[in-house]
Amino acid sequence: MSDGDGRAASGLTDGLSGWLRGWRPAVSMASRNLRRNRVRTVLAVLGVCIGVLAVAALGIFGNVLALGADDAIGDIGTQVVVSPNNDAGVESLSDADVASIRRAVGEPAVVPLYSDSATVARQGDQTFATVYGVEEPALAYEAAEGRLPERHRQGAILGAGIAEDLEAGAGDTVEIAGSQVRVIAVLVESQTFSPVAPDDAVFLPESAFSADGYAQALVVSDSGAEARAAADAIRESVNARQDRVELFELAALVDEINEFFDLLSTFLLGLGAISLVVAGVSILNVMLMSTVERRQEIGVMRAVGVARRDVLRVLLAEAGLIGAAGAAAGTLLTVLLVVGLVLATPAVDAALVLDPTNGYYLLLALVFGVGVGIVSGAYPAWKAASERPVEALRN
Amino acid sequence: MSGDAGLGAEPADDAAAAAVADEAGADASGGNTAPSDDYGVALRGVDKRYTSGGGEPVVALDDVDFAVRPGEFVAVVGPSGSGKSTLLNVLGLLDDPTAGRRLLDGTDVTNLSVAERTRARKESIGFVFQDFHLLPTLTAVENVAMPTAFDPGDASDRAADLLARFGLGDRLDHEPSELSGGQKQRVAIARALINEPAVLLADEPTGNLDTETGEAILAEFERVKAEGVAVVAVTHDPLVEEYADRVVDLTDGEMTGGLPADGLPADGPPGGETGDDR
């Protein structure tokens with residue numbers, strides 16, 4: 001019993017080493033066969049090369065687009081805007097609402113805002129702007145000029161856009177709804193699509209407003225996940241009995257944008273895969289032609305005692321070598337193309353292109369290239385190796 | 001894929017081959033008057049019919065009895081289409097007989113699987129073709145070693161020795177395109193001998209050679225024969241008949257003189273058709 005097991009095990013080892021050993025002469029014969037018709041081989045390799053280039057380059061382009069978008073919109077996914085639900089008859093957020101929002105979200109800062117609109121003017125220039133009343137502007141915004149007070153008690157904070165329109169800076173005076181107010185700070189440009197767009201807004205102390213309640217509250221988190229958790233917590237507690245508030249959550253939007261880019265990547269990869277399939281068909285064609293031409297040679301090999309699987313190995317090695325050469329060339333070309341594009345277009349962030357996830361697309365294309373070679377070579381190889389030598393040798 | 005097949009197939013082949021050998025051994029020790037392993041290769045009452053389309057089957061070999069002793073050189077002659085190539089294919093395990101038995105080196109090889117036939121060809125049969133059929137991408141020494149290229153061990157030294165024996169010691173690394181016809185045929189003979197076969201089968205071995213080169217090749221056959229190999233050559237060439245120990249005629253699938261004059265293979269049909277030509 002144990003003897004039998006031992007024999008079986010050693011037989012398996014022998015079989016495996018024999019299997020590996022058989023590939024060496026196969027690859028050697030295959031590479032010589034490929035050199036016989038160089039033009040045809042080079043064209044087939046070129047086909048795979050283009051296919052691999054298409055898959056790798058389109059994959060990487062899609063990925064860089066997605067990474068770039070993620071990079072650009074990543075920050076705004078950390079804000080949740082809470083507004084009163086007018087449909088439920090809630091006109092504004094009360095102090096109690098703000099308190100319950102604070103209780104619900106926990107860690108993230110909650111910045112309630114009054115809201116109105118007014119004409120803002122300076123030295124003849126004038127514009128119509130949203131005016132927010134805020135007590136703790138430093139929790140939600142950053143100053144490009146001047147300094148944001150911890151408690152906002154006096155003076156105006158201008159959004160980047162309105163400051164540019166009025167050519168106003170910190171220390172200047174602007175006229176807001178008829179009163180002269182000193183500008184204490186100008187905010188950093190934000191480019192956000194939030195309903196609370198600070199670029200074209202003016203921020204005044206809460207005391208400038210006489211409204212009953214807050215128009216909105218911002219929940220400022222450190223990450224998209226924290227923002228989503230905060231939004232969920234508000235829905236569960238503040239909106240538990242009645243939908244008192246509406247939530248505008250950019251994290252969800254960011255998710256959707258990411259989903260879109262995933263779709264785009266898949267679409268681009270699919271596009272590239274089509275050209276790889278075309279390359280596969282050209283390998284199929286080359287291998288069929290070459291095995292038909294070499295029918296007698298293959299017959300001779302079989303006649304003098306070369307096993308069917310060894311003939312199969314030689315032919316598969318030929319197709320595999322075409323695939324591997326094309327894949328290697330295509331991968332190299334992709335790297336050169338991407339490097340060239342990065343150097344030529346300063347708008348592309350090199351860090352995005354050097355992102356390790358792009359390597360995955362290179363590897364994917366490389367594996368696909370070799371795989372396409374072997375799969376396309378399988379049928380011609382099987383067909384040629386299975387032909388009876390007596391038929392193949394017949395003139 | 002092929003690896004799996006290999007792992008699975010090899011032991012099965014061994015078992016089958018062993019079974020075949022046992023059976024043949026039993027036959028030999030049984031009621032046989034003459035030992036069947038006296039013959040390098042033998043056919044007993046072999047028929048080969050081809051069915052083409054819906055018409056009458058073509059009879060390529062009709063109840064053929066044929067045997068060649070080790071160290072015997074037999075020439076098979078006959079008009080074109082008489083079944084000579086079919087005979088060679090059946091002898092060489094490239095084609096199976098429709099009926100009858102086939103013996104190779106004392107073993108019944110009538111019904112073998114594809115893998116078993118391939119192995120038997122490699123181990124016991126050498127082929128020499130009219131068109132030499134060397135692989136153009138391989139050097140002379142690689143062509144000679146080609147049947148063993150996928151086996152363990154390196155046969156290059158053996159191949160080089162064989163080529164040296166045939167006077168091609170200085171052509172080892174030449175490709176076929178750099179060799180003359182006679183040299184190519186010598187490479188082909190060396191390839192046929194790489195596994196020390198029991199039988200050498202030659203299809204018009206001198207057909208593409210001038211008389212002088214043809215004679216040189218036939219002289220090589222004599223040397224091969226002297227080493228105990230059974231040599232069968234299918235030919236139109238009168239020169240081959242001169243060198244052969246025995247000439248067998250095959251016309252319309254019927255063979256005359258298929259058996260040696262001095263004996264019958266065991267369990268063969270009664271004699272009477274032997275030794276007509278000599």
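Visitor: How many of the 13 residues of helix α6 in chain B are buried?
Guide: This is a predicted model, in which local features need pLDDT of at least 70 and side-chain atom pairs count only at pLDDT 80 or more, while totals for chains, interfaces and linings use all residues. Residues are numbered from 1 along each chain as its sequence is written, with chains lettered from A and ligands numbered from 1 in the order in which they are written. A residue is called buried if 20 or more other C-beta atoms, placed from the backbone, lie within 10 Å of its own, exposed if 12 or fewer do, and partly exposed in between. Helix α6(B) is largely enclosed by the rest of the structure, because its buried residues number 12.

Visitor: Which elements do the buried residues of α6(B) pack against?
Guide: Helices (H or I, at least four residues) and strands (E, at least two) are DSSP runs numbered from the N terminus. Two residues are in contact if their C-beta atoms, placed from the backbone, lie within 7 Å. The buried residues, among them B:Gln183 and B:Ile189, pack against these elements of chain B: β6 (125-128), α4 (140-145), α5 (156-165), β7 (199-203) and α7 (211-226).

Visitor: Where in chain B is B:Phe132, and is B:Phe132 buried or exposed?
Guide: B:Phe132 is not a glycine, yet its phi is positive at about 65 degrees. Its place is in the loop between β6 and α4 of chain B. With 23 other C-beta atoms within 10 Å, B:Phe132 is buried.

Visitor: Which element of chain B gives the most residues to the side that touches chain A?
Guide: The contact takes 26 residues from chain B and 29 residues from chain A. The top contributor, with 7 residues, is α1(B).

Visitor: Over to chain A: what arc do the buried residues of α5(A) fall within?
Guide: The buried residues of α5(A) are A:Gly224, A:Ala227, A:Arg228, A:Ala230, A:Ala231 and A:Ile234. The arc is that of the directions from the helix axis to the C-beta atoms. These residues line one face of the helix, because seen down its axis they fall within 160 degrees.

Visitor: Which residues on the other side of α5(A) are exposed?
Guide: The cover over the buried residues includes β1 (79-84), α3 (95-105), β9 (216-220), β10 (245-249) and α6 (250-293) of chain A. A:Glu236, which has 10 other C-beta atoms within 10 Å, is exposed. On that other side of α5(A), the exposed residues are A:Ala225 and A:Glu236.

Visitor: What distance separates the centres of domain 1 and domain 2 of chain A?
Guide: Domain bounds here come from an automatic or database domain assignment. Chain A is divided into domain 1 (25-72 + 257-393) and domain 2 (76-251). Taken over C-alpha atoms, their centres are separated by 56 Å.
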